[in-house]
Amino acid sequence: MFNEEALTIVKEKALEDHIPIIMDDTLDVIKNILEKENPKRILEIGTAVGYSASMFAKYAPNAIIDTIELNEERYNEAKINVQKIGVEDRINLYLGNAVEILPTLNFEYDIVFIDANKGKYPVFLQEGIRLIKSEGIIIADNVLYKGYVMSDYNKHKQRTAVRHLREYIKEAMENPILESEILEVGDGIAITKVHK
Ligand code: SAH
Ligand code: MG
């Protein structure tokens with residue numbers, strides 16, 4: 001049984017704790033994709049406390065979701081949350097650095113959702129391409145990073161992230177097997193169809 005009330009509590013607590021969970025308008029776009037694609041297996045990079053993974057479980061009732069989180073405290077909280085929400089049988093939580101865990105995975109995914117450290121987005125895209133089925137969709141959150149990615153001037157602090165996000169967008173637009181669009185919803189999302 002999917003516990004809507006538990007999900008609402010998880011969302012509210014995450015917002016209170018300043019955890020950057022997926023924004024509502026971004027989720028709406030993904031909801032449409034999930035309902036259309038009816039995915040069987042989804043990969044998420046960046047679990048946080050399991051909010052987006054639980055939403056995906058709700059919108060994709062036939063999907064198994066593999067999700068990776070680096071921070072042990074968040075991973076532990078996610079574990080409790082997915083149980084409370086009642087989706088623990090369809091969500092596999094991995095604790096560790098996705099850069100190290102991804103090369104060990106060998107499932108075939110219908111959807112890949114990238115939502116972790118921006119400096120590794122180009123690496124995540126390459127792993128996503130390896131793991132996705134032909135005609136599968138790779139979705140990356142925060143690709144416009146509060147407008148910094150499209151701005152000429154950026155503070156030192158953001159520069160590395162901006163450089164890697166630009167590299168991600170360039171690859172997504174220019175690699176001939178990828179067909180991408182960037183939407184200015186939320187913090188910016190890239191939606192990429194992979195023709196392998
Ligand atoms: N998808 C979540 C929000 C994720 S926030 C939601 O919408 O509910 C980004 C998360 O990625 C953080 O919890 C952070 O700890 C994690 N993260 C950052 N770098 C990572 C990495 N290399 N591997 C795995 N997780 C990472
Ligand atoms: Mg995000």
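1. A polar side-chain atom of aspartate 115 lies 2.8 Å from a nitrogen atom of ligand 1. The protein covers 91% of the 580 Å² of accessible area that this ligand has on its own. Please keep in mind throughout that the model is predicted.

2. Two further polar approaches to ligand 1 deserve a look. Arginine 74 places a polar side-chain atom 2.8 Å from an oxygen atom of the ligand.

3. On the surroundings of the ligand as a whole, 20 residues surround ligand 1. The closest are Ile22, Gly46, Glu69, Arg74 and Asp115, and for two of these the polar atoms have already been described: Arg74 and Asp115. By type, the shell holds nine nonpolar, seven polar and four charged residues.

4. Where does ligand 1 sit among the pockets? The space that ligand 1 takes is the largest pocket. Helix H3 (51–59) and strand S2 (64–69) are the elements that give two or more residues to the shell around the ligand.

5. Is asparagine 142 buried or exposed? Its relative accessibility is 16%, so it counts as buried, the cut-off for that class being under 20%. The side chain of asparagine 142 also makes a polar contact, at 2.8 Å, with the side chain of aspartate 187.

6. Asparagine 38 is found in the loop between helix H2 (24–37) and strand S1 (41–45). With a relative accessible area of 32%, asparagine 38 is partly exposed, because that class runs from the 20% limit for buried to the 50% limit for exposed.

7. Glutamate 135 is placed in strand S5, whereas asparagine 38 is placed in a loop. The relative accessibility of glutamate 135 is 34%, and the residue therefore counts as partly exposed.

Definitions and conventions
Residues numbered from 1 in each chain as written. Chains lettered and ligands numbered in written order. Predicted model: local features only at pLDDT ≥ 70, side-chain atom pairs only at ≥ 80, totals over all residues. Heavy atoms only, no water. Near = heavy atom within 4 Å. Polar contact = N/O pair within 3.5 Å; in protein donor to acceptor, adjacent residues only side chain to side chain. Areas by Shrake-Rupley, 256 points an atom, 1.4 Å probe, with all protein chains shown as cover. 1 Å grid on protein atoms, 1.4 Å probe; cavity = no way out; pocket = protein on both sides within 12 Å on 5 of 7 lines; lining within 4 Å. Sits in = over half its atoms within 2 Å of the grid points. Helix = DSSP H or I, 4+ residues; strand = E, 2+ residues; numbered from the N terminus. Nonpolar A, V, L, I, M, F, W, Y, C, P; charged D, E, K, R; others polar. Buried < 20%, exposed > 50% of the residue type's maximum accessible area, 1.4 Å probe, protein only.
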